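Hello,

Here is the structure I promised to pass on to you. Please open it alongside this email, and I will walk you through what was found.

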Amino acid sequence: MLTHSACEGSLPHRFRQLWDEIAPVGRDAGSGGYLRYALTAPELTLRGWFREQADRRGMPVSEDGNGNLFAWWGDPEAEGAVLTGSHFDSVPHGGAYDGPLGIVSAFLAVDELRAAGVTPDRPLVVAAFVEEEGARFGVPCLGSRLLTGEIDVDRAAGLRDQAGTTFAEALGERPAGADPALLGRFAAFVELHVEQGRALVDQDAPVAVASAIWPHGRWRFDFTGEGNHAGTTRMADRRDPMLTYAFTVLAANKEARLRDAHATVGRVSVEPNATNAIPSRVTGWLDARAAEAETLYGLVEAVRAKATDRAGRDGTALTCTQESATPLVAFDGGLADRLVTLLGAPVLPTGAGHDAGVLAAHLPTAMLFVRNPTGVSHSPAEAATDADCAAGVAALARVLEELACR
Ligand code: HGY
Ligand code: MN
Ligand code: MN
Ligand code: MN
């Protein structure tokens, strides 16, 4: 058995040393946040770092043709492998921990197991999934959706970033799509992630086990009107899509509060985006989440109905397109119970999406959350202490040992 004393005294220090290797990559000096979009220079640097880490540990790396990387400790052809890892990519000006913490912790957990003389009976695999945030190509968890066949390959290949580059072009090939043979080699997936709220601060615990992910999705609202001169167009003559957009944002907030759900419009684009022109078009992206699918879809329908009604009054037009959807994810109860018993950790649901949520439909999957003292995420203010990160590594190592040693 792995004992806590394996390298405990030095673990926060070793965490910091490894962490500092990637800390500067893609960091914006102005905001202090990260611009690590999938398959752009900073993320490619991190993927190179992943290969170096695997190499240092004698772990061969395989790719699945979808942009996902896998580093293997043990025979890549063997069945029953235990998968861990997360993603490198960030939202615009995102925090340091969302994603990379799961990958750095995975490599350190391998080190912990080796230092304790543990030899797994099944392969242990560290993964880096591509485009988890959907910040570049619009669809979150794109890599894991491709691997599991949860997104059509042609649709994924043709997704474009804001410069017009397709995902296939960025990847350098048409994505390979579902790989049931590879998936079939994994007996379990455990993703460690920074907590994206304050529950562990309130509960005074460094690590939790996830119970569920709220159903959530993204909807694009395109409002069109008539572009015109700001100084000469009478107020009564305007067909201003910004008004319909603004009304819709307020409606989304109100409808979410009524239902104890979450609605956010965090991205907007305006044409022609001139101070002295009434816009011709405004596009807003609605991110909506709720504990139950019925509540989620009821919320989106209510927002759409109110926006449509308002568009009629503003003389504008509205189209609403669903860009992604993630159903309720209830993590494997048996696996979560095992982890809770092993770690004595609290259990948390979350409103955040993860590759673990996609993989959960295909293999027994669990998540560990590490306390975030600010409770803030998708922002430079996201945080975790070295001590809590070390507790996360130790917890992950124990879990991997439990799952990979018969
Ligand atoms: O948007 C999300 O829930 C995430 O953190 N990927
Ligand atoms: Mn995120
Ligand atoms: Mn994440
Ligand atoms: Mn003029």
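**Cys141 and other loop residues**

Cys141 lies in the loop between β4 and α4 (142–148). Please keep in mind that this is a predicted model. The phi of Cys141 is near 55°, a positive value in a residue other than glycine. Is Cys141 buried or exposed? With 27 C-beta neighbours inside 10 Å, Cys141 counts as buried, since the cut-off for that class is 20 or more.

His93 also has a phi near 55°, again a positive value in a residue other than glycine. You will find His93 in the loop between β3 (81–87) and α3 (100–115). His93 has 16 other C-beta atoms within 10 Å, so it is partly exposed.

Along the sequence, Gly30 and Ala78 are 48 residues apart, and in space their C-alpha atoms are 47 Å apart.

One more loop is worth a stop. Pro272 sits in the loop between β9 (262–271) and β10 (277–278). The peptide bond leading from Glu271 to Pro272 is cis, with omega near 0°.

Next, please turn to strand β2, which covers residues 69–73. How many of its residues are buried? The count is 5 of the 5, so β2 is largely enclosed by the rest of the structure. Leu69, Ala71 and Trp73 point one way from the strand, while Phe70 and Trp72 point the other way.

Which strands pair with β2? One of them is β1 (residues 61–63), which runs antiparallel to β2 and is joined to it by 3 bridges. Here Ser62 has Phe70 as its bridge partner in β2. Between β1 and β2 there are 5 residues, and the two strands form a hairpin. In the turn of this hairpin, Gly65 has a positive phi of about 80°.

Strand β4 (residues 124–129) also pairs with β2, in the antiparallel sense and over 5 bridges. In β4, the bridge partner of Phe70 is Ala127.

**Glu43 in helix α2**

Glu43 lies in helix α2, which spans residues 41–56. This residue has 26 C-beta neighbours inside 10 Å, so Glu43 counts as buried. What does Glu43 touch, leaving aside residues up to four places away in sequence? Its contacts are Arg36, Tyr37, Ala38, Phe88 and Asp89. Glu43 and Ser90 are 47 residues apart in sequence, and their C-alpha atoms are 8.9 Å apart in space.

**Helix α11**

Helix α11 runs over residues 333–343 and holds Asp337. With 13 other C-beta atoms within 10 Å, Asp337 is partly exposed. The C-alpha atoms of Asp337 and Gly197 are separated by 22 Å, and the two residues are 140 apart along the chain.

Where do the buried residues of α11 fall? Leu335, Ala336, Leu339 and Leu343 are the buried ones. Seen down the helix axis, they fall within an arc of 100°, so they line one face of α11. Gly333, Gly334 and Thr341 are exposed on the other side. Among the elements that cover the buried residues are β5 (186–194), β6 (207–213), β14 (347–350), β15 (365–370) and α13 (386–404). Just after α11 comes Gly344, with a positive phi of about 60°.

**Domains and ligand**

The domain assignment of the chain gives domain 1 (8–214 + 328–404) and domain 2 (216–326). Their C-alpha centres lie 33 Å apart. In the contact, 9 residues come from domain 1 and 10 residues from domain 2. The side of domain 1 that touches domain 2 has 4 nonpolar, 5 polar and no charged residues.

Finally, which residues surround ligand 1? They are Glu132, Glu133, Pro140, Ala352 and Gly353. By class, this shell divides into 2 nonpolar, 1 polar and 2 charged residues.

Enjoy looking around!

Best wishes

Terms used
Residues are numbered from 1 along each chain as its sequence is written. Chains are lettered from A and ligands numbered from 1 in the order in which they are written. This is a predicted model: local features need pLDDT of at least 70, side-chain atom pairs count only at pLDDT 80 or more; totals for chains, interfaces and linings use all residues. A residue is buried if 20 or more other C-beta atoms lie within 10 Å of its own, exposed if 12 or fewer, and partly exposed in between; C-beta atoms are placed from the backbone. Helices (H or I, at least four residues) and strands (E, at least two) are DSSP runs, numbered from the N terminus. Two strands pair if DSSP finds at least two bridges between them. Two residues are in contact if their C-beta atoms, placed from the backbone, lie within 7 Å. Domain bounds come from an automatic or database domain assignment. Ala, Val, Leu, Ile, Met, Phe, Trp, Tyr, Cys and Pro count as nonpolar, Asp, Glu, Lys and Arg as charged, and the others, Gly among them, as polar. The arc is that of the directions from the helix axis to the C-beta atoms. A residue is near a molecule or strand if its C-beta atom, placed from the backbone, lies within 6 Å of it.
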